[in-house]
Amino acid sequence: MSSLLNSLTTELRRGTLTLAVLSQLRKPQYGYSLVQLLEQAGIHIDQSTLYPLLRRLEKQELVTSSWDTSESRPRKYYVLSDFGVETFLQLKKEWMENSNQLLALLKGDEEDEDGFN
Amino acid sequence: MDLIETYIQEVTRRLPEKNREDIALELRSTIEDMLPDDYQEEDVKAALEQLGNPAKLAYGYMDRPMHLIGPRYFDIYVSLLKMILPIAVTISLIATIATFITGYDGEEAVMNIVFEIIGFGISSIIEVGIQTFFWLTIVFAILERVDHSKGAEPITQGLQKWSADDLKNITYVPKKRAITKVEVFGGLFWTAIWGTVYFYADHLFGVYEGGSSELNFVTPAVNQDVLLQYWPFILAIIALEVGLSIYKLIKKQWTKGLAIYNTVLQVIVSVVFVWIVTNPNLFKNEFTVYMTNLFSITEVQLETWIIAGSIIIFIVSAVISIIDGIRKARAS
């Protein structure tokens, strides 16, 4: 992939990462489990981006965290706060609308292309 | 050597003290999560490489900006720099030259002084430039870190958000009427030089004789006492000239008002000049005698030559300045 295309793709994805992370935090997750969950869904996120992102979300009071020391090694669990759930739902709605609009645009484009062919 | 601990240290040393412990704990547990139960050094390396450069990770954790001056302040920073630098440099140059002229004791050759002034001038320009740049940058770097309003809009000189009304406060400057910064600061500079020369004329104007290694100051050309009788007028002219330069700086273009101001000023300056030069006691006797002997002409001839010559040169340059101002003010 050319470096320009690469940077454009990264830019395109950047905005969606927060939404992707929020969507998986309705149940408590710790850092690495979240990585695995997202990977399973086919979403690749740099770990050096994810961990700082989690802390930022906590600072913005969208998620709360707690240390679980009952297992062999302590783990920090993150889960959506009430405010986080509310924000997530609004974001989700926003995303749906946006992607529908974009889809319409892209579809129109395809028809044009067909017309040329 | 424990790679994991070293990696964690590499991340946390870049972070604020209060967050270090918690982030270290979380990182350690995350890294262990990534490793198989019975891991080798190769596994650790692979896991750490997945986490990436510790500097990048650390900067991700930081709230502070990773730049000195961001897009919000950059525009106003550059504008201020462009405005303040020439002012600071001009003032320092004027100060340098004034110090040299006022400290001049008539012992040293003028050319040596000129070279010294150039040398000191260059070093003071560099020094003032660096100082201005340094302090302005520091102030904006601090502003960037203190301002948490999180606005992404660049702020302009009013320190407010931009609106179309802002355009009304900006005068449109056509090229033909524009006044350059060089013109403004050059004007100020010139005022400072002739002003200083006026008050120290007896040290500067006169007869120099070439000695074995340097020029010797034989006799001053003018009676400083006579010259200084005119000081209130000179001071008034200096004030008017400085006023003109500031007026130019504000207006940025020639206007009718500016052209009138310039015309009046040039006329006043010419009148005062003619008045001073035609004072019969202005030139020192020793000077006239020396010159008449040198060129074998009469005193009357000499004084006529000097007075007429300087008056003609002065008035011609005043007229050129007046016409230039009017022409530019009328250009569209």
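Q: In this predicted model, contact means heavy atoms within 4.5 Å; how many residues from chain A and from chain B does the contact take?
A: Let's start with where the two chains meet. Two residues are counted as touching when their heavy atoms lie within 4.5 Å. On that basis, chain A gives 16 residues to the contact, and chain B gives 16 residues.

Q: How much area do chain A and chain B bury between them?
A: The size of an interface is often given as the accessible area lost when the parts come together. Here, 50% of the buried area is on carbon and sulfur atoms. The total that chain A and chain B bury between them is about 1,600 Å².

Q: Which side chain of chain B meets A:Arg55 in a salt bridge?
A: Seven salt bridges are found across the interface of chain A and chain B. In one of them, with 3.1 Å from N to O, A:Arg55 pairs with B:Glu26.

Q: Which element supplies the largest share of the side of chain A that touches chain B?
A: Eleven residue pairs are in polar contact between the two chains. On the chain A side, helix 3 (47-59) and strand 3 (75-80) each supply at least two residues. The largest share, seven residues, comes from helix 3 of chain A.

Q: How far apart are the end C-alpha atoms of residues 113-143 of chain B?
A: An unreviewed UniProt entry annotates several stretches of chain B as "transmembrane region", including 113-143 and 305-326. In the model, residues 305-326 are 100% helix, with end C-alpha atoms 32 Å apart. Residues 113-143 are also 100% helix, and their end C-alpha atoms are separated by 44 Å.

Definitions and conventions:
Residues numbered from 1 in each chain as written. Chains lettered and ligands numbered in written order. Predicted model: local features only at pLDDT ≥ 70, side-chain atom pairs only at ≥ 80, totals over all residues. Heavy atoms only, no water. Buried area = accessible area lost by both parts, 1.4 Å probe. Salt bridge = Lys/Arg side-chain N within 4 Å of Asp/Glu carboxyl O. Polar contact = N/O pair within 3.5 Å; in protein donor to acceptor, adjacent residues only side chain to side chain. Helix = DSSP H or I, 4+ residues; strand = E, 2+ residues; numbered from the N terminus. UniProt positions renumbered as here; feature names shortened; annotations may be inferred.
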